[in-house]
Amino acid sequence: QVQLVESGGDLVQPGGSLRLSCTASGTDFSINSMGWYRQIPGKQRALVASVTSGGFTNYGDSVKGRFTLSRDNAKTTVYLQMNSLKPEDTAVYYCNAWVMTGDGRGFATWGQGTQVTVSA
């Protein structure tokens, strides 16, 4: 079993910055891709940013130029640096990973979600 543990959600003023972290833990696994999605009530979960095992990074259109996704050398922790935050960035942010286990099983797993609120 692979678990994702998130941290960093908070209340921040418009124009401010915040950094989210997500760490994957478990045994005998590798990560094909890892990143963040966000969801507001009544809407579908949407991609914020993701990175593949090969280092290709993809961003949602609404966050390009403001958010930066990075990861540690072990490739089990990702960081989402969010700058120039806007009220419309308010959402629950979920960490996501596509995982391969040692016995060849592949699956997607999600964190519990962390609230980001951008408000004056």
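In the predicted model, S84 lies in the loop between β8 and β9. The strands named here, like helices, are DSSP runs numbered from the N terminus (helices are H or I with at least four residues, strands are E with at least two). The phi angle of S84 is near 50°, a positive value in a residue other than glycine. With a relative accessibility of 40%, S84 counts as partly exposed; on this scale buried means under 20% relative accessible area, exposed means over 50%, and partly exposed is in between, with a 1.4 Å probe and protein chains only. A positive phi, near 60°, is also found at K75, again a residue other than glycine. K75 is placed in the loop between β7 and β8, the latter strand covering residues 77-82. The relative accessibility of K75 is 40%, and K75 therefore counts as partly exposed.

Because the model is predicted, local features need pLDDT of at least 70 and side-chain atom pairs count only at pLDDT 80 or more, while totals for chains, interfaces and linings use all residues. Residues are numbered from 1 along each chain as its sequence is written, and side-chain values use heavy atoms, with hydrogens and water left out.

The chain contains eleven strands and zero helices. Read from the N terminus, its elements follow the order β-β-β-β-β-β-β-β-β-β-β. The radius of gyration of the chain is 14 Å, close to the 14 Å that the globule rule gives for 120 residues, so the chain is as compact as a globular protein of that length. This radius is taken over C-alpha atoms, and the globule rule is 2.2 Å times the number of residues to the power 0.38. The C-alpha trace spans about 50 × 25 × 20 Å along its principal axes. Of the 120 residues of the chain, 38% count as buried. The chain exposes about 6400 Å², of which carbon and sulfur atoms supply 48%; accessible areas come from the Shrake-Rupley method with a 1.4 Å probe, and for residues only the protein chains shown count as cover. Among contacts (heavy atoms within 4.5 Å) between residues at least 6 apart in sequence, 53% join residues at least 24 apart.

Four strands form an open sheet in the order β1-β3-β8-β7, and their pairing is antiparallel. Two strands pair if DSSP finds at least two bridges between them. At the edges of this sheet are β1 (3-7) and β7 (67-71), each of which pairs on one side only. From one strand to the next, the twist averages 15°; axes are lines fitted to C-alpha atoms, for helices over the stretch in contact, and angles run from 0 to 180 degrees between N-to-C directions. The antiparallel strands β1 and β3 are joined by five bridges. L4 has A24 in β3 as its bridge partner, and E6 stands opposite C22 in β3. L4 and E6 make up the covered face of β1, whereas Q3, V5 and S7 make up the uncovered one.

A disulfide is a covalent bond between the sulfur atoms of two cysteines. Here a disulfide is counted where a pair of cysteine sulfur atoms lies within 2.5 Å, and the count by this rule is one. The disulfide is formed by C22 and C95, whose sulfur atoms are 2.0 Å apart. The pair links distant parts of the chain, since C22 belongs to strand β3 (residues 18-25) and C95 to strand β9 (residues 91-101), 73 residues apart. The torsion about the S-S bond of C22 and C95 is about -85°, so the disulfide is left-handed. Both C22 and C95 are buried.

M34, in strand β4 (residues 29-39), has a relative accessible area of 2% and is buried. M34 and C95 are 61 residues apart in sequence, while the distance in space from C-alpha to C-alpha is 7.5 Å.

Strand β9 also holds T101. T101 has a relative accessibility of 14% and therefore counts as buried. Leaving aside neighbours within four places in sequence, T101 is in contact with D28, F29 and F107.
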